[in-house]
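Colleague: I would like to go through this model with you and ask what stands behind the words used for it.

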Amino acid sequence: MKFTQLKEDIKEGARSVYLIEGDDAYFRQKAEEQIKSAFLQMPELNFTSFDGAQYKGASLTEITTALSAYPFMAEKRLVKISEFYPTDADWEKYLKPVFENFPETTVLMIVNGQGKKGIDLKRKKCITYIDCNKSDRETVAKWAYITMKRAGVPSTVEACEAVADYCLCDMSRVSKEVEKLIEYGKGDQVTKKTVDELVYKDADFRIYQMTGAVARRDFSAFAEICFDLLSKGYDENAVIASLLNYFKNLLTVAEADVSEKELAASLKMSDYVFGKTKQQAGAIGGKRLIKYINSLYSLASAFKSGRMTVDGALESALANVFFG
């Protein structure tokens with residue numbers, strides 16, 4: 001299930017094993033808090049946590065023993081395992097017998113930040129998977145809109161979409177920025193202008209805006225964002241590297257012979273960003289992309305070997321991309 005479905009699911013009662021997994025730390029933290037709030041009493045006596053990386057082979061019996069312990073003056077005992085990626089052999093020998101006949105008095109939370117090598121726990125029928133990966137732009141914008149509305153602060157859809165964009169749909173950042181907007185916006189509507197004035201634009205988003213200006217052939221917008229980044233500590237080398245990475249991604253999207261879903265996942269792009277990237281790749285074209293990539297590799301090599309200053313390399317890069 002998605003993180004956003006967990007609250008309703010908890011109302012139906014406790015599951016035996018929750019797998020809280022995904023790359024959004026905010027969702028993972030909030031999922032853990034919701035489960036603890038619903039089912040944990042007297043945490044000093046009924047809560048145990050383990051570092052999953054420390055347990056392999058026979059040492060897993062320490063965890064399975066903890067799962068079988070009875071709660072103290074409460075209905076449930078809660079156990080947490082962080083970053084737990086057991087092997088097939090460990091699952092079959094040590095975990096499967098307990099997980100498939102799970103103690104009714106225990107709730108287990110497995111909290112994983114990323115899917116590392118190991119058995120695919122989310123495919124096990126005895127495990128309830130909570131998807132805590134970054135949400136899409138629409139979901140994040142909707143969350144911001146509803147959260148501000150509940151706090152008595154009206155907002156426009158455009159403003160909420162801008163929050164999602166500027167924070168790259170990272171809910172840890174979105175939640176902090178929404179708190180700021182609620183505090184500022186009491187008694188007034190939060191608009192796109194308000195967001196532009198108050199919400200910090202993530203450096204990655206600024207780079208995304210900057211490189212997007214290349215596809216539109218908008219030198220003014222590119223230069224404005226580029227010099228803004230440079231004034232805030234971004235160096236010329238990083239700008240060139242960002243351009244190079246951008247063009248390589250565009251070429252990959254334009255020519256890769258795999259499904260769009262698989263490609264978006266491998267490039268770690270949301271559906272929204274992937275769609276925009278595909279549009280930009282089509283606007284520039286494969287031949288120009290190869291020309292840009294070769295030119296930028298040559299310039300990077302020139303300043304790294306001392307044959308050109310980094311300032312000169314950046315100026316040459318801009319000239320090649322926009323006027324070459």
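Colleague: Which residues line the second largest pocket?

Modeller: The second largest pocket is lined by Arg 137, Glu 158, Glu 161, Ala 162, Asp 165, Tyr 166, Lys 192, Phe 205, Tyr 208, Gln 209, Tyr 272 and Lys 276. Helix H7 (157-166), helix H10 (203-215) and helix H14 (271-284) each give two or more residues to this lining, and H7 gives the most, with 5 residues. The model is a predicted one, where local features need pLDDT of at least 70 and side-chain atom pairs count only at pLDDT 80 or more, while totals for chains, interfaces and linings use all residues. Residues are numbered from 1 along each chain as its sequence is written, and side-chain values use heavy atoms, with hydrogens and water left out.

Colleague: What makes a set of points a pocket, and what makes a residue part of the lining?

Modeller: On a 1 Å grid over the protein atoms alone, a pocket is an open set of points where a 1.4 Å probe fits, with protein on both sides within 12 Å along at least five of seven lines; lining residues have an atom within 4 Å of a point. About 180 Å³ of space lies in this second largest pocket, a volume being the space filled by probe spheres set on the points, which are joined across faces, edges and corners.

Colleague: How does the lining divide into nonpolar, polar and charged residues?

Modeller: It divides into 5 nonpolar, 1 polar and 6 charged. Asp, Glu, Lys and Arg count as charged, Ala, Val, Leu, Ile, Met, Phe, Trp, Tyr, Cys and Pro as nonpolar, and the others as polar.

Colleague: What is called the largest nonpolar core?

Modeller: It is a set of 39 residues, and Tyr 18, Ile 20 and Val 163 are among those with the most contacts inside it. Such a core consists of buried Ala, Val, Leu, Ile, Met, Phe, Trp, Tyr and Cys residues joined through side-chain atoms within 4.5 Å; buried means under 20% relative accessible area, with a 1.4 Å probe and protein chains only. H7 gives the most to this core, with 6 residues.

Colleague: Which residues of helix H4 are buried?

Modeller: In H4 (residues 60-68) they are Leu 60, Ile 63, Thr 64, Ala 66 and Leu 67.

Colleague: Why are they said to be on the same side of H4?

Modeller: Because they cover an arc of only 155 degrees around the axis, the arc being that of the directions from the helix axis to the C-beta atoms.

Colleague: What is a helix or a strand here?

Modeller: Both are DSSP runs, numbered from the N terminus: H or I with at least four residues for helices, E with at least two for strands. The protein comes to 16 helices and 5 strands.

Technical notes
Buried means under 20% relative accessible area, exposed over 50%, partly exposed in between (1.4 Å probe, protein chains only).
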